[in-house]
Amino acid sequence: MSTRTRVSSLLPDFPWDTIASAKAKAAAHPGGIVDLSVGTPVDPVDPLIRTALNAASAVPGYPATHGTPELRAAVVDALKRRFGITGLDAAAVLPVIGTKELIAGLPRLLGLGAADLVVIPEVAYPTYEVGALLAGAQIVRADGLTQLGPRTPALLYVNSPANPTGRVLGVEHLRKVVEFARERDVIVASDECYLGLTWEGRAVSILDPEVSGGDHTNLLAVHSLSKTSNLASYRAGFVAGDPALVAELLEVRKHSGLMVPYPIQSAMTAALGDDTHEAQQRERYRARRDVLRKALEAAGFRVDHSEAGLYLWSTRGEACRTTLDWLADRGILAAPGDFYGPAGAEHVRIALTATDERIAAAVERLN
Ligand SMILES: Cc1ncc(COP(=O)(O)O)c(C=O)c1O
């Protein structure tokens, strides 16, 4: 008899199934559901990006796993222009098929196994845990280095601005993470999905010279185009940082056929070369955030963190499933905080990714 282990048995239950009844209740609202449970973009892809996609659609050959030189140059330029990241070589940039794909595979691609420890934030995007489980690695949830004691992790995730909390880590905090990584030879994967969506204060990349001192050794910055350029449907992201780590990821990904389709690479190049559509999208979210936040606070919610990113991390000081039901009675669907770790048990994550019309409906119902 085969002794094979079903890989799915290693993974948590798919949590979205547990909010089916709240979803059904919200959907029964006479004004229709306002679904603020997922962070999926709703505004159309900019024509500039679609033109680039179309123009590349007749190319028949295999794309380069490393990405075209134009794409990698566009990444280097965009990171410098948008976030002040300097000293990045185009060779140390690698496109990925959406960053969820990279994150789910990263521990395995880096050769981690049962003896290795992966550190993820206390409340975290669930795929960090999934990637570690797929590699058979150990996991600890910690927001501070002191929580780790004498243990040296192989891989440490930071996510600033964070999903689901919208928390931003300051330069000092990130600098300490980099120092720790250097002292103990730890790989830091910094998920910077929401870096371009900061509302209050300043969010910085792990590769920022103020944080890294210009040395990218052991550092990987993970960037998605899903949210800032509305490209979730295209599956478009990249990883950049330590040239040796990126070269290793490239080598393994080449063998595995993990390449971004050529027309998508062209679309990414166009998106990264243009800041106007990105700024417009940011302003759409800013306006939605302003009205929704006010309405939540007026309805008795407390909004924690949420200085950046696409979510309002909100609480009524009760179990998150109770809040979920309260919202569902008003036709609004949120994501329960317990999806993201035990520390999220009294929060709900309310996404800004709905049309102006649906956000206005939510505001009216909260009043
Ligand atoms: C923190 C974080 N990282 C990564 C992703 C994955 O984005 P994508 O696979 O679309 O690049 C998401 C998506 O919601 C996210 O919230």
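Q: What are the end-to-end distance and the helix and strand content of residues 33-366?
A: The end C-alpha atoms of this span lie 13 Å apart, and the span is 39% helix and 15% strand. Helices (H or I, at least four residues) and strands (E, at least two) are DSSP runs, numbered from the N terminus. The model is a predicted one: local features need pLDDT of at least 70 and side-chain atom pairs pLDDT 80 or more, while totals for chains, interfaces and linings use all residues. Residues are numbered from 1 along each chain as its sequence is written.

Q: Where does the name of residues 33-366 come from?
A: An unreviewed UniProt entry annotates these residues as "domain: Aminotransferase class I/classII large". Such annotations may be inferred rather than shown by experiment.

Q: Why is H1 called roughly parallel to H11?
A: Helix H1 (residues 20-27) and helix H11 (residues 320-329) pack at an angle of about 20°, with axes 8 Å apart. H1 is therefore roughly parallel to H11, because angles under 35 degrees count as such. Axes are lines fitted to C-alpha atoms over the stretch in contact, and angles run from 0 to 180 degrees between N-to-C directions. The crossing of H1 and H11 is right-handed, a term for a near helix turned clockwise from the far one by less than a right angle.

Q: What makes the contact of H1 with H11?
A: Ala22, Lys25 and Ala26 of H1 meet Leu324, Asp325, Ala328 and Asp329 of H11 (C-beta atoms, placed from the backbone, within 7 Å). By class, this contact of H1 with H11 has 4 nonpolar, no polar and 3 charged residues. Ala, Val, Leu, Ile, Met, Phe, Trp, Tyr, Cys and Pro count as nonpolar, Asp, Glu, Lys and Arg as charged, and the others, Gly among them, as polar.

Q: How do helices H4 and H5 cross?
A: The axes of H4 (residues 99-109) and H5 (residues 127-134) come within 6 Å and cross at roughly 35°. The crossing of H4 and H5 is right-handed. Their contact includes Lys100 and Ile103 of H4 and Thr127 and Tyr128 of H5, and by class it has 8 nonpolar, 3 polar and 2 charged residues.

Q: Which residues around the ligand are closest?
A: Gly98, Thr99, Lys100, Ser224 and Ser226 are the closest of the 13 surrounding residues (C-beta atom, placed from the backbone, within 6 Å). This shell divides into 3 nonpolar, 8 polar and 2 charged residues.

Q: What is the omega of the cis peptide bond joining Ser160 and Pro161?
A: Omega is about -5°. Pro161 is placed in the loop between strand S5 (155-158) and helix H6 (171-184). Asn163 and Pro164 are also joined by a cis peptide bond, with omega about 10°.

Conventions. Angles under 35 degrees count as roughly parallel, over 145 as roughly antiparallel, 65 to 115 as roughly perpendicular and the rest as oblique. Two residues are in contact if their C-beta atoms, placed from the backbone, lie within 7 Å.
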